[in-house]
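User: Please take a close look at the charged side chains of this structure, with attention to how they pair. I would welcome one connected account.

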Amino acid sequence: MTEQDASADVDPESYADELRRKREEKDDFFGSHPQSPIPPEERDDFDGLDYFDPNPAARVEATVEVHDDPEPVPMETTAGNEVRYLRLVTFSFELGDEAVELHGYQQEREDDEAVFVPFRDKTTGQQSYRNGRYIELHPDEPLADGETIVLDFNLAYTPFCAYSETFACPLPPEENWLDVAVAAGERDWNNSN
């Protein structure tokens, strides 16, 4: 069972505590680790990322549609080039009162089993990073057609290219642009330089 397979019905208080603990760990990493995306000269002034409040309603149950013959999807990057991903799965779920779909991808040359879910929503460019955010799923077993998993938008994160131009990040394809606001996960990080 993966973290995404867990029931969407969780104790809001313990869930929020666990989420805050994970966020503190990430902030510590960003502020001090040599592999942090925060440029070294800015780490002394770094006082943590900005997050939406923990939102149990942003943990949604999604139905999985597996694509037996995954189609290639070219994604532009912040560096101006394209990278090719394969559209592996489609997730169907309700967010607020809207029925929505998001697609999950893998790079053709990737051996790891992570499912990459880049997206934009109505907070993009306002409350969250202007080029979208990501969710990454790490299922223990291949996803099955018709299976229900939990997508947790509280885990939506900003790509490294938001912090430094040394990183090139894929831009969410238009098929993953949501017409709803996802007020969960990381907010825009304002670089004061």
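**Salt bridges and a charged patch**

The side chains of Arg 87 and Glu 175 form a salt bridge, with 2.9 Å from N to O. This pair connects distant parts of the chain, since Arg 87 belongs to strand β2 whereas Glu 175 sits in the segment after β6 (148-152), 88 residues apart. The model under discussion is a predicted one.

The two partners differ in their surroundings. Arg 87 has a relative accessible area of 14% and is therefore buried, the limit for that class being under 20%. Glu 175, at 31% relative accessibility, counts as partly exposed.

Arg 87 also takes part in a salt bridge with Glu 71, where the N to O distance is 3.5 Å. Here Arg 87, in strand β2 (residues 82-95), meets a residue of strand β1, so the contact ties together parts that are 16 residues apart in sequence. Glu 71 is partly exposed, because its relative accessibility is 48%, and exposed residues are those over 50%.

Arg 21 and Glu 18 are joined by their side chains at 2.5 Å, N to O. Both residues are part of helix α1 (residues 12-32), where they stand three residues apart, about one turn of the helix. Arg 21 is partly exposed, its relative accessible area being 36%. Glu 18 is likewise partly exposed, with a value of 34%. In the model, salt bridges with shared partners bring Glu 18, Arg 21 and Glu 25 into one network. The count of salt bridges comes to nine.

Some acidic residues belong to a surface patch instead. Glu 65, Asp 68, Asp 69, Glu 101 and Asp 145 form a negative surface patch. Such a patch is made of residues that have no salt bridge and over 30% relative accessible area. Strand β1 (residues 59-76) gives the most to this patch, with three residues. Asp 68 is a patch member and is found in strand β1. Its relative accessibility is 76%, so Asp 68 counts as exposed. Strand β1 therefore holds Glu 71, which pairs with Arg 87 of strand β2, and it also gives three residues to the negative patch.

Notes. Residues numbered from 1 in each chain as written. Predicted model: local features only at pLDDT ≥ 70, side-chain atom pairs only at ≥ 80, totals over all residues. Heavy atoms only, no water. Patch = residues over 30% accessible without salt bridge, like charges linked within 9 Å, V, L, I, M, F, W, Y side chains within 5 Å. Areas by Shrake-Rupley, 256 points an atom, 1.4 Å probe, with all protein chains shown as cover. Salt bridge = Lys/Arg side-chain N within 4 Å of Asp/Glu carboxyl O. Lys, Arg positive; Asp, Glu negative; His and termini not counted. Charge placed at Lys NZ, Arg CZ, Asp CG, Glu CD. Helix = DSSP H or I, 4+ residues; strand = E, 2+ residues; numbered from the N terminus. Buried < 20%, exposed > 50% of the residue type's maximum accessible area, 1.4 Å probe, protein only.
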